[in-house]
Amino acid sequence: MHDDDLLAELLPRLTQLSNVLNRGRMYEQAAAAAGISLERPAMAVLGVLKTAGKPLRIGEIADRMQVAGPHATRQVQGLEQRGLVHRIADPDDQRARLIDLTPEGTSTADRYMRTVLGWFTGALAHWPDQDRRDLGRLLGRMVDDLTAHLKALDGPGLP
């Protein structure tokens with residue numbers, strides 16, 4: 001089988017996976033199970049900050065979410081009003097501000113992630129350890145390579 005044929009078979013499965021992960025119902029179920037009353041984009045900001053493990057500039061948050069800066073700014077402002085994030089000085093540039101999780105923001109992100117990770121753990125419980133490791137390694141590699149390739153196609157100077 002030719003490489004293009006293999007990828008052509010993979011594409012519908014990737015689309016199916018994307019649909020499963022991005023369905024509003026899945027988010028709503030996870031948020032309800034975790035006792036969270038945030039819209040999906042706001043939860044995405046908390047998730048980005050939680051997985052980063054450090055405060056980030058709004059531009060970095062937008063890049064990781066793959067959205068425009070103003071969208072991330074609106075989400076951060078709403079999260080600030082709810083006491084889930086706060087701004088801190090950037091130690092490398094006192095003029096700039098970083099966005100950091102508050103203790104309540106960390107707790108909210110933790111509850112959501114525990115819920116979703118529990119679903120994944122249950123779904124893959126019968127997989128051998130090596131298969132789970134291979135999935136993580138190969139999926140990470142694919143996402144990184146595809147992201148880099150698409151960025152190169154955007155051309156120089158474009159975000």
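Which residues on the other side of α5 are exposed? In this predicted model, they are P70, R74 and Q81, which lie on the other side of the helix from its buried residues.

**Helix α5**

- Helix α5 covers residues 69–81, and because 13 residues at 1.5 Å a residue should span 18 Å, the separation of 18 Å between its end C-alpha atoms agrees with that expectation.
- The buried residues of α5 are A72, Q75, V76 and L79, and since they fall within an arc of 100° when seen down the helix axis, they line one face of the helix.
- An α-helix has 3.6 residues a turn, so residues three or four places apart point the same way.
- The cover over the buried residues of α5 includes the helices α3 (40–52) and α4 (58–65), together with the strands β1 (85–90) and β2 (93–101).
- After α5 comes G83, which has a positive phi, near 75°.

**The largest nonpolar core**

- The largest nonpolar core has 29 residues, and those with the most contacts inside it are L38, L46 and I61.
- In soluble globular proteins, nonpolar side chains tend to be buried together.

**Contacts of L46**

- When its neighbours within four places in sequence are left aside, L46 is in contact with L38, L79, L84, V85, L101, G105, T108 and A109; among these, L79 is also one of the buried residues of α5.

Conventions. Residues are numbered from 1 along each chain as its sequence is written. This is a predicted model: local features need pLDDT of at least 70, side-chain atom pairs count only at pLDDT 80 or more; totals for chains, interfaces and linings use all residues. Side-chain values use heavy atoms; hydrogens and water are left out. Helices (H or I, at least four residues) and strands (E, at least two) are DSSP runs, numbered from the N terminus. The expected span of a helix is 1.5 Å times one less than its number of residues. Buried means under 20% relative accessible area, exposed over 50%, partly exposed in between (1.4 Å probe, protein chains only). The arc is that of the directions from the helix axis to the C-beta atoms. Contact means heavy atoms within 4.5 Å. A nonpolar core is a set of buried Ala, Val, Leu, Ile, Met, Phe, Trp, Tyr and Cys residues joined through side-chain atoms within 4.5 Å.
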